[in-house]
Amino acid sequence: MSNTNTVLASDGTSLKKSLAKSLRRQKIRALLLIAPLLFFVLLTFIAPIGDMLFRSVENNIVSDTLPRTVKVLSKWDSMSGQAPDEEVFEAFARDLKIAVKSKLHTKLGSRLNYEKTGISSLVRQTGRKVKKLDLDATPSFKDAFEKMNKKWMDPSVWQTIQQFSSKYTDGYFLAAADLTRTSEGIQKVDEDKKIYFKLFVRTLYMSLGITFMCILLGYPIAFLLATLPMRSSNVLMILVLLPFWTSLLVRTSAWKVLLQNQGVINDFLVWLGVIADGNRLELINNVTGTVIAMTHILLPFMILPLFSVMKTIPPTYMRAAKSMGANDFMAFRRVYFPQSIPGIGAGSILVFILAIGYYITPEIVGGTKGVFISNRIAYHISSSLNWGLGAALGAILLVVVLALYWLYDKFVGIDNVKLG
Amino acid sequence: MALPIYASPMQKIWYYTFRIICGLVFFFLVFPIMVIIPLSFNAQDFFTFTPEMLAFKAEGFSFKHYDDFFTNQDWQHALKNSLRIAPMATILSVSFGTLAAIGLSQSHVPFRRAIMAIMISPMIVPLIISASGMYFFYSRIGLQGTYAGVVLAHAVLGVPFVIITVTATLVGFDKSLTRAAANMGAGPVRTFFKIQMPLILPGVISGGLFAFITSFDEVVVVLFVGSAGQKTLPWQMFTGLREQISPTILAVATILIAMSIILLTTLELLRRRSERLRGMSPG
């Protein structure tokens, strides 16, 4: 009796069950197709990003190099205004002697030097002397260290070691936000040392400026392409796609050639007599250079989304507005423009995301005044070797970009990204 | 939007002003690229037009920068590296990417949005962040400074482009075709190669071209992940631009421009073919 309500599939199981089974099989098949790539991306891309985030808080160099010192130093009262007692110095001597053998003490010195300048040379110098120190025949380690260098009696050196003895630190993020931890708590650094906040602000301003320039130059072009007949718009589209497809390095070198002091633009202006020969325009190695070159490079990323939105606006709407008495300007402003706003939004977010993380072009045409935060990150990773600070700056930039990515996904949808 | 015959003078003025503005923007887009081409034939080591060039005299022009490119060991080495890395990276991203795109366009995919977001992220995350992360992580696992490391890094950067182009072609794909094939006795593998693959091939190829150009043009990641042995063409150009700026760069740039024109044409032809195959446009 109970079976009368159940529809059966051909093999005798209930239809509901076999449908669920086939749905599950479909899902598994889809996931199996996706799995190789997902695994690949996770391993080669997401894991490195995670590693970078980890490096921005990682701080095991002090606790790894000076395990004994860290243990006994934790009992020392940093507010006492006195150098720690004999026990700490003995532990420190033992740790340092081992570290010197494996040459780890220089790494320790440069790590602590980020927090307090002078420690690097102090550790290096002491390292050489500790080598000769006989651990079993030293009556007082404190006196021995005082003799090596008076700075070891300075409590602030020990405060720094104590502060950075934990496995994780927020020190890099504080440095990236122009803050520093002193004995009186977290404080802003001196006005002349505030570089990162200014750099972030400059990066944002320049990216906004570039985005604005792209809207200004891209809107008329997209409008023209969307309203021209297919045949001529296809031809003009090539002029947009050619720069899009040309190598970034080619376009950057083009601007380097054009904008130089002895470059094509300045030569032309001198030849025209607009400017005097001795009074050539400073177009490169400053903000102007970066903005001009990057507007050129990112302009296609504004035109293409704008164009695809404008293409969907029926031309009859404008005609209807005009037949009801609107003049050209009114019809454009009240009817066409509001419908093209999604295109402006999509293009702007895309251009802004790309601009904010640019590295190559500012590096070549930006000089010192026209560089972005990315250039600073690259400097810390490859030249100054302060990896933690580079990673912390990168983490902050990543958060900004991901927030914008989320916005883009919400309003435009990542599936709707069109290429070419 | 041709100008109607009854247009007022104001409308006429605006119409022509608008065209002039657009012309100027097009000039801004194309001129910097075009100016490189004549400059690359400069007989002098200058980056600007010499009086001889402006007078169109033969002695103002020469192929010496091209000569330098084809004979200089550094440039040839860089070119060879680029040609060794880009195709491998393309093969990896196209094969993984196409499979995943087919999976993603099935009707029931759990966590579709999240998976999509992860796969597109290499395109969104600033290159300098990807590069530093890879530098740290690849050094840990011994891939930093190796050919394999650079290939893997470039492959993952190309993945989003393959995903985007292939899913776009799959949107117009008629599912009843695969069902018809299955109905007539073809197994899944045969259906894929005989039915699905030929139809989505234009999307796969254009995704592959995107992936290729991404790798061929990439400099930030290779700077960090590669070592001197993996010096690619863009890397050589980058150091050339930053340090000893030599006009050979202009010759290389001209060759690359020619390459991008060929690429652009191929893509346009592919797009038309794909639309015709799927019956989306009459021509």
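Helices here are DSSP runs of H or I with at least four residues, strands are E runs of at least two, and both are numbered from the N terminus. By that count, chain A has 19 helices and two strands. This is a predicted model, in which local features need pLDDT of at least 70 and side-chain atom pairs count only at pLDDT 80 or more, while totals for chains, interfaces and linings use all residues. Residues are numbered from 1 along each chain as its sequence is written, and chains are lettered from A and ligands numbered from 1 in the order in which they are written.

Let's start with the overall form of chain A. Its radius of gyration is 32 Å, well over the 22 Å that the globule rule gives for 420 residues, so chain A is more spread out than a compact globule. (The radius is taken over C-alpha atoms, and the rule is 2.2 Å times the number of residues to the power 0.38.) Along the principal axes, the C-alpha trace of chain A spans about 100 × 100 × 35 Å. The chain is divided into domain 1 (18-55), domain 2 (60-169) and domain 3 (196-416), with bounds that come from an automatic or database domain assignment. Between the C-alpha centres of domains 2 and 3 of chain A there are 52 Å.

For a look at packing inside chain A, take helix α4 (residues 86-101) and helix α7 (residues 141-148), which pack at an angle of about 65 degrees with their axes 8 Å apart. Axes are lines fitted to C-alpha atoms, for helices over the stretch in contact, and angles run from 0 to 180 degrees between N-to-C directions. Angles under 35 degrees count as roughly parallel, over 145 as roughly antiparallel, 65 to 115 as roughly perpendicular and the rest as oblique. α4(A) and α7(A) are therefore roughly perpendicular to each other. On the α4(A) side the contact uses E86(A), F89(A), E90(A) and A93(A), and on the α7(A) side F141(A), K142(A) and F145(A); residues are in contact if their C-beta atoms, placed from the backbone, lie within 7 Å. That gives four nonpolar, no polar and three charged residues, where Ala, Val, Leu, Ile, Met, Phe, Trp, Tyr, Cys and Pro count as nonpolar, Asp, Glu, Lys and Arg as charged, and the others, Gly among them, as polar.

Now for chain B. Its secondary structure comes to twelve helices and zero strands. A compact globule of 283 residues would have a radius of gyration near 19 Å, but chain B has 24 Å, and its C-alpha atoms fill a box of roughly 75 × 70 × 30 Å along the principal axes. Within it, helix α4 (residues 73-104) of chain B packs with α11(B) at about 140 degrees, axes 7 Å apart, which makes α4(B) oblique to α11(B). Here D74(B), W75(B), A78(B), L79(B) and S82(B) of α4(B) meet L233(B), W235(B) and Q236(B) of α11(B).

How do the two chains meet? The contact takes 77 residues from chain A and 74 residues from chain B. On the chain A side, the largest share, 21 residues, comes from helix α1 (residues 15-55) of chain A. That side divides into 51 nonpolar, 16 polar and ten charged residues.

Helix α11 (residues 233-242) of chain B also has a partner in chain A: its axis and that of helix α12 (residues 248-259) of chain A come within 10 Å and cross at roughly 15 degrees. α12(A) and α11(B) are therefore roughly parallel to each other. Their contact is made by L249(A), T252(A), S253(A) and K256(A) of α12(A) and P234(B), M237(B), F238(B) and L241(B) of α11(B).

How values were computed. Contact = placed C-beta atoms within 7 Å.
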